[in-house]
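Hello,

Please open it and read along.

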Amino acid sequence: MYRPLENFVTKHIKLFIPGPIEVSDKTFRAFTTPMVGHRGASFQELYADLQPKLQQLFYTKNPVLLSTSSAWGIMEGAIRNLVRPGKKLLCCMNGAFSDKWFDVAQSNGISVEKVQVAWGQPIEAHLVEAKLQEGGFDAITVIHNETSTGTMSPLTDIAAIVRKFPETMLIVDTVSSLSVVPVKMDELGLDVMLAGTQKALALPPGMSVFGVSARAFERAKTVPNRGYYFDFMEFQKNHEKNMTPATPSIPHIFALQSKMNEILEEGLDRRFARHMAMAQMTRQWVASHGFKLFPKAGFESVSLSCVANSHNIDVAAWIKRLKERYFCIIDGGYGKLKGATFRISHMGDETLHTISQLLKWLEDTLES
Ligand SMILES: *Cc1c(COP(=O)(O)O)cnc(C)c1O
């Protein structure tokens, strides 16, 4: 049997970093399904089987499309598809990924403005409303769960505000929240909802899933210079035939089918409850060791815990001990928060059992 996680030369280092996360043997086995042609009936059956399952996860009747790219492909593609010449984009910024989306817009020559708060603060709906009232915004980008700071923004409130502005397409990154907490695309009125596969879906990196509303397809039709690889019209045309525009990463799609079956067998509500329980267990450990979470209280991520290094411990040395003694790693802080925070991922296939084990290991290695 094919077992990639058993490496007899060096022991596998289990990932408790918030992406890419640990991938199960079962998922890797699905990856090795013998190849099929992407213009044949076998592929069309695979695609068609996946569609209602993804729609269930997205709580949508919109098509959920498959892109062979990491999330940034669709993050860039969405703004190129939805902002007309002479119109503006609004980027909500509160961490590394949301800040970068602004830069990506600028590098595409898109006229872009910002709603910006400090890292660790959530995006508040009233800030978005004040900015949108200035007018001229064809789209807005929001990151639901800022993985760099472990902060979850109040998406329901934000979406309710944005929906008062019918011209403004609401593009939401759920890269690290999809399948962790319910995000109901249709109920919230999201126009693009996207996620990469290497966060909570626990697949290897290299593929993204994204839902697109009818309004967003209508808009895309009117926008020139959408390019080819991420052209929403190409995706729509091919979707109708249960296909993707270019040759996709077919192994990822087999693995996604296996993962979606697993997710629906567990049941969405039970999956959300499991993630909440893992987050609570981790938060308790954090508090009982005298640490505080980095994000503003009330906006803590359920997918990962970003902890302020208030005891000034040598985070890098701690993680080194963890790796050497227990063959796993957590993350030592993202970008400018390196060393000042550490991040513990508790999403995907983890359970209360594996997280409680990790917390014991963290405890054991905390002091040298
Ligand atoms: C990881 C991540 C991304 C970027 O994903 P890539 O796979 O590097 O394209 C974007 N947004 C969020 C919230 C993320 O966590």
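Below are some notes on a sheet, the helices beside it and one glutamate.

This is a predicted model, in which local features need pLDDT of at least 70, side-chain atom pairs count only at pLDDT 80 or more, and totals for chains, interfaces and linings use all residues. Residues are numbered from 1 along each chain as its sequence is written, and side-chain values use heavy atoms, leaving out hydrogens and water.

Let's start with the sheet. Seven strands make up an open, mixed sheet, ordered β2-β10-β9-β8-β5-β3-β4 (strands are DSSP runs of E, at least two residues, and helices runs of H or I, at least four, numbered from the N terminus; two strands pair if DSSP finds at least two bridges between them). At its edges are β2 (64–67) and β4 (111–116), each pairing on one side only. Within the sheet, β9 (192–196) and β10 (208–212) pair in the antiparallel sense over five bridges, and Leu 194 stands opposite Phe 210 in β10.

Next, Glu 350. You will find Glu 350 in the loop between β14 (341–345) and α13 (352–366). Glu 350 is buried, at a relative accessible area of 6% (buried means under 20%, exposed over 50%, partly exposed in between, with a 1.4 Å probe and protein chains only). Its side chain makes polar contacts with the side chains of Lys 14 (3.0 Å) and Thr 354 (2.7 Å) (a pair of N or O atoms within 3.5 Å; within protein, one must be able to donate a hydrogen and the other to accept it, and residues adjacent in sequence count only if both atoms are side-chain atoms).

Best wishes
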